[in-house]
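Student: I would like to go through how the two chains meet. Can we take it one question at a time?

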Amino acid sequence: MDDSSMVRQQVGRALTSSGFTVIEAVDGVDALEKLAATPDTCLIVCDVNMPRMNGIEFLEQKNLSGNATPVVMLTTEGHPEIIQKAKALGAKGWVVKPFKPDLLVAAAKKLTATA
Amino acid sequence: MSILAPARRPTSTRPESTTAIQKDLELSAIELFQAYGLQGTRASSAMLPADGSETVVAVIGFAAQHARGALVLSATVSSASHWLKAIAGPEVTASACDVIGEIANMLLGRLKSKLAEKGLNVLMSTPTAGQGAVAEIAPNGTSSWMAFQGEGWGLAVRVDVEFDESFRWQETLATSPAAPGDLMIF
């Protein structure tokens, strides 16, 4: 999920080319709805700064719903405090933009292999 | 008849702090260009040459303890198209507003990390972008435009910051922020 169409397409193309089926969401609210409709989701790639519901709020709401899908954050944010906050809320990874597509794919494969 | 006016919070200009932030902004911009393989240099003029396409402007607000401001980024649609190809490749399509908004987001993110290391912790908003035939943004007394150009593109950026009289740089971070491109698996 990301409020930037360009980033969603970038991430989507990287993951699709590695065999994943990708569903896009524009923010946390959209992602929660799509997550509820797609119970076999195996990984979430999540921006932090988004309108309506940011990435940290999404983690909180996802936890409240009981969903255990692993989440990797993809964001411009790098402050240690926010990283720790996301980690405490169950995030499994953190990637700082600009990102290398092959590294994101490697992280996705690792996290879906261990889920 | 009484006219009520909102009390204006006392502010200070803090030229040294503004200059320090401007320098970090310039460094952040050059690093961002390099991250996408684009060679960009400071243009001699703060005004970008017209290239016949419309102008796109993105603004992201931010706030810190006793300081607040906004990053403003301006480019032409043609430059945005050039950047889109550099960032995401030729197959991806996105509006110029989306591209310039995301560049502003990444640029402020880099600036934020540099400022955090020096003791200024900034909360970022999300970008707002617009496109039009002529875009003129009112000058702000706290900073000035920086223009950059490369082969086939140009963009101009400025960061406007207002400090309260009580503003102080905080302690530097004990742990460095994660750097662009970093990947962590927990």
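Student: How many residue pairs are in polar contact between chain A and chain B?
Tutor: This is a predicted model, and a pair is counted here when both residues are at pLDDT 80 or more. Between chain A and chain B, the number of residue pairs in polar contact that meet this condition is 14.

Student: Which element supplies the largest share of the side of chain A that touches chain B?
Tutor: Elements giving at least two residues each to that side are α1 (5-16), α4 (80-88), β3 (93-96) and α5 (101-114) of chain A. By class, the side has 14 nonpolar, nine polar and eight charged residues. The largest share is six residues, and the element that supplies them is α1(A).

Student: Which residue of chain B meets Lys97(A) in a salt bridge?
Tutor: Two salt bridges are counted between chain A and chain B. A salt bridge needs a side-chain nitrogen of Lys or Arg within 4 Å of a carboxyl oxygen of Asp or Glu. For Lys97(A) the N to O distance is 3.0 Å, and the partner is Glu102(B).

Student: In β9(B), which residue is the bridge partner of Gly93(A)?
Tutor: β3(A) and strand β9 (residues 183-185) of chain B run antiparallel, joined by three bridges. Within β9(B), Gly93(A) is partnered by Ile185(B).

Student: What area do chain A and chain B bury between them?
Tutor: The contact involves 31 residues of chain A and 36 residues of chain B. Of the buried area, 64% is on carbon and sulfur atoms. The area itself is about 2800 Å².

Definitions and conventions:
Residues are numbered from 1 along each chain as its sequence is written. Chains are lettered from A and ligands numbered from 1 in the order in which they are written. This is a predicted model: local features need pLDDT of at least 70, side-chain atom pairs count only at pLDDT 80 or more; totals for chains, interfaces and linings use all residues. Side-chain values use heavy atoms; hydrogens and water are left out. Contact means heavy atoms within 4.5 Å. Buried area is the accessible area (1.4 Å probe) that two parts lose on being put together, summed over both. A polar contact is a pair of N or O atoms within 3.5 Å; within protein, one must be able to donate a hydrogen and the other to accept it, and residues adjacent in sequence count only if both atoms are side-chain atoms. Helices (H or I, at least four residues) and strands (E, at least two) are DSSP runs, numbered from the N terminus. Ala, Val, Leu, Ile, Met, Phe, Trp, Tyr, Cys and Pro count as nonpolar, Asp, Glu, Lys and Arg as charged, and the others, Gly among them, as polar. Two strands pair if DSSP finds at least two bridges between them.
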